[in-house]
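Open the model and keep the sequence beside it.

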Amino acid sequence: EGAGDCSSCVAVMLELARAMSQWAHGFKNAVIFLFNTGEEEGLNGAHSFVTQHPWSTTIRVAIDLEAMGIGGKSGLFQAGPHPWAVENFAAAAKYPSGQVTAQDLFASGAITSATDFQVYKEVAGLSGLDFAYTDKSAVYHTKNDKLDLLKPGSLQHLGENMLAFLLQAASSTSLPKGNAMEKEGKTVHETAVYFDILGTYMVLYRQGFANMLHNSVIVQSLLIWTASLVMGGYPAAVSLALTCLSAILMLVFSVSFAVVIAFILPQISSSPVPYVANPWLAVGLFAAPAFLGALTGQHLGYIILKAYLANMFSKRMQLSPIVQADLIKLEAERWLFKAGFLQWLILLALGNFYKIGSTFIALFWLVPPAFAYGFLEATLTPVRFPRPLKLATLLLGLAVPVLVSAGNFIRLANVIVAIVVRFDRNPGGTPEWLGNVILAVFIAVVLCLTLVYLLSYVHLSGAKRPIAIASCVLFVLSLILVLSGTVPPFSEDTARAVNVVHVVDASGKFGGKQEPSSFIALYSTTPGKLTKEVEQIKEGFVCGRDNVVDFVTLSMEYGCLTYDGTEGGWSQSDVPTIHVESEGFGIMDTKGNDNGRITKVSIDMKGSVRWSLAIDAEEIEDFTFKEGSEELVPRDEKSGMDGWHIIQFSGGKNAVSKFDLDLYWAKNSTESYHNANRKEKQRPLLKLRTDFDRLTPKTERVLSKLPAWCSLFGKSTSPQTLSFLNSLPVNF
């Protein structure tokens with residue numbers, strides 16, 4: 001288990017250490033191999049090293065090896081802030097693979113995961129590189145992250161690239177200055193734009209050059225458009241406006257067609273995401289409707305544009321109806337082709353303004369097609385009859401942008417499909433159609449942006465009807481495969497992510513002698529009902545949205561519960577306790593400030609070394625958290641999340657399990673405490689979950705009956721197989 005994430009990284013590092021020892025006598029810099037744990041619990045190992053280890057002050061560059069899947073190329077997805085590392089990697093690596101697009105996604109917050117590189121960069125102020133495997137991302141953090149799926153070529157790819165880079169870096173005399181100046185904020189580094197060409201060559205240039213290049217293209221494009229509009233006059237301006245309308249209609253219809261299918265699919269399919277095990281199904285289910293919508297939208301724009309051009313030609317030229325009709329079609333075709341220039345120019349300007357690294361994609365989709373059009377089609381004659389667009393214009397114009405960006409778009413689509421497996425962070429809390437909509441919109445937007453040039457050729461080719469019919473057939477066939485069950489949504493190797501937890505809930509029992517309730521909870525982070533799974537497992541499960549369980553770090557909004565036979569495998573001595581030691585008002589601190597209301601609480605985790613505690617941020621302004629005399633969380637300004645302060649703890653076998661908590665109430669809470677008419681709040685003051693990696697007899701039986709298409713999924717926020725819940729009410 002964990003072959004991809006991240007035994008593969010450990011294996012590569014061990015082999016690198018062996019190989020590099022052959023050349024160590026020539027090094028001018030030391031190379032430290034850091035094997036750390038605690039990454040899933042909050043990047044703790046990396047944080048411990050950079051904040052406590054004496055070597056941390058000597059580090060100049062940090063390289064992080066990661067995995068978001070298993071196999072494929074290990075690609076660079078974060079670099080900087082100093083460009084030295086990525087520049088040397090591009091020069092030294094044998095098979096360089098990396099895209100600044102992934103870095104932009106991380107920076108935007110669209111991908112919420114974090115790696116150790118975040119600690120090296122933000123806490124230690126280091127520059128460096130972050131690599132990860134992304135193929136088969138659906139197996140991430142499941143039992144299917146296994147050695148059978150890891151190809152030796154993937155390890156070799158990462159190893160050869162790293163060996164070449166490290167040998168060059170270790171022998172270099174020009175390493176960046178490291179963390180000292182970064183921490184003081186004295187240096188602002190120029191970031192780099194990078195992308196690979198078929199994994200054999202990496203194109204890299206700095207943001208300053210990118211800005212200069214983009215500004216040059218933008219200015220030249222605006223000058224060309226201005227000259228064209230001046231020469232064409234009012235009719236050219238109107239034609240340009242109608243061309244923009246065509247592009248808008250194309251996008252609207254494409255997105256609409258795809259999104260409608262995304263909404264309908266959960267209602268008619270056994271799974272809302274039937275394409276997870278077979279991502280190619282997304283081509284028929286979403287790409288075909290999106291393409292049909294794009295063709296429909298552009299066709300409407302084409303009709304409107306033809307109507308205007310017909311009116312214009314009739315006023316300016318006296319031609320036979322047949323000749324005039326042909327000229328109108330040819331002129332409309334050219335304007336639709338030029339719509340691509342305009343949309344990519346807008347994207348280039350926006351990306352350049354916000355200094356987005358991925359703007360290079362807009363550059364490549366604007367310049368080569370514009371050059372091909374200018375070289376093969378354009379004329380300086382103000383009065384001329386249009387001619388059919390040459391096929392060579394399309395081939396010459398699209399060869400480079402397709403080569404540069406096609407892999408990017410395909411990889412992003414695959415990542416979205418894989419993320420759907422673990423999309424529902426609060427099981428049942430996200431609409432079943434949302435993952436489909438995100439994928440559908442992405443596919444539709446990419447199709448509209450990239451096919452605008454190609455579709456302009458379709459209107460005069462006579463192939464519109466066959467293309468539309470082929471799209472419909474592809475969609476219908478894909479739908480038949482899904483609805484008939486011929487292609488199942490999940491497989492043994494690409495499984496649905498589920499969790500099976502034996503829960504002992506003592507919440508709401510504060511001060512009472514009621515017995516805690518014990519049950520097994522079955523839930524899934526993959527959208528969809530658990531009906532088929534429960535039918536196979538049996539064991540008395542009842543599913544529904546009324547089975548809400550608050551696991552502190554997540555909430556099960558939809559799931560299945562069974563109370564049958566859950567008495568064994570745990571005891572009362574495992575239930576964590578929350579005890580209010582004292583209450584105080586008007587207590588002065590050492591500076592003479594009134595602390596207001598303070599509540600001292602003792603918490604006994606009863607031997608659990610992995611737990612999560614949530615503190616109501618609306619009631620509690622601040623708090624301190626202690627273990628004996630050691631203050632683990634000091635009193636200072638704290639940020640909450642969704643109205644809660646959350647502490648997650650993960651320790652070793654001998655970790656302490658008794659803690660003291662001092663709660664400093666917000667002033668409005670102190671005032672409301674004295675109000676005799678205060679209404680009882682349902683929201684607790686403290687929520688606690690303690691975890692044990694222990695199988696109770698009932699849990700073991702359920703797991704043995706779990707369908708082959710299901711796999712347990714784990715994150716730092718996920719409960720283990722035995723969890724205890726407790727709470728402290730506000731009005732204790």
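A polar contact is a pair of N or O atoms within 3.5 Å; within protein, one atom must be able to donate a hydrogen and the other to accept it, and residues adjacent in sequence count only if both atoms are side-chain atoms. By that rule, 6 residue pairs are in polar contact across the interface of domain 1 and domain 2, both residues at pLDDT 80 or more.

This is a predicted model: local features need pLDDT of at least 70, side-chain atom pairs count only at pLDDT 80 or more, and totals for chains, interfaces and linings use all residues. Residues are numbered from 1 along each chain as its sequence is written, and side-chain values use heavy atoms, with hydrogens and water left out.

Start with the layout. The protein chain splits into domain 1 (7–199), domain 2 (210–484) and domain 3 (496–670 + 681–731). These bounds come from an automatic or database domain assignment. The centres of domain 1 and domain 2, taken over C-alpha atoms, are 37 Å apart. Domain 1 brings 15 residues to the contact and domain 2 brings 16, where contact means heavy atoms within 4.5 Å.

How much area is buried between domain 1 and domain 2? The figure is about 1400 Å², and carbon and sulfur atoms give 65% of it. Buried area is the accessible area (1.4 Å probe) that two parts lose on being put together, summed over both. On the domain 1 side, Thr101, Ala138 and Phe195 lose the most area to domain 2, together 28% of what that side buries. Helix H4 (100–108) and strand S4 (192–197) each supply at least two residues of this side. Helices (H or I, at least four residues) and strands (E, at least two) are DSSP runs, numbered from the N terminus. The side of domain 1 that touches domain 2 has 9 nonpolar, 4 polar and 2 charged residues. Here Ala, Val, Leu, Ile, Met, Phe, Trp, Tyr, Cys and Pro count as nonpolar, Asp, Glu, Lys and Arg as charged, and the others, Gly among them, as polar.

Salt bridges come next. One is a side-chain nitrogen of Lys or Arg within 4 Å of a carboxyl oxygen of Asp or Glu. Between domain 1 and domain 2 the count is 0. The structure holds 22. One of them joins the side chains of glutamate 533 and arginine 496, at 3.2 Å, N to O. Glutamate 533 sits in helix H15 (residues 531–537) and arginine 496 in strand S6 (residues 496–505), so the pair links distant parts of the chain, 37 residues apart.

Now the backbone. Most residues other than glycine have a negative phi, and most peptide bonds are trans. Aspartate 5 and cysteine 6 are joined by a cis peptide bond, with omega about -5 degrees. Cysteine 6 is in helix H1 (residues 3–20). Proline 81 lies in the loop between strand S2 (74–80) and helix H3 (84–92). Histidine 141 is not a glycine, yet its phi is positive, about 65 degrees. Histidine 141 is in the loop between strand S3 (127–133) and helix H6 (152–170).
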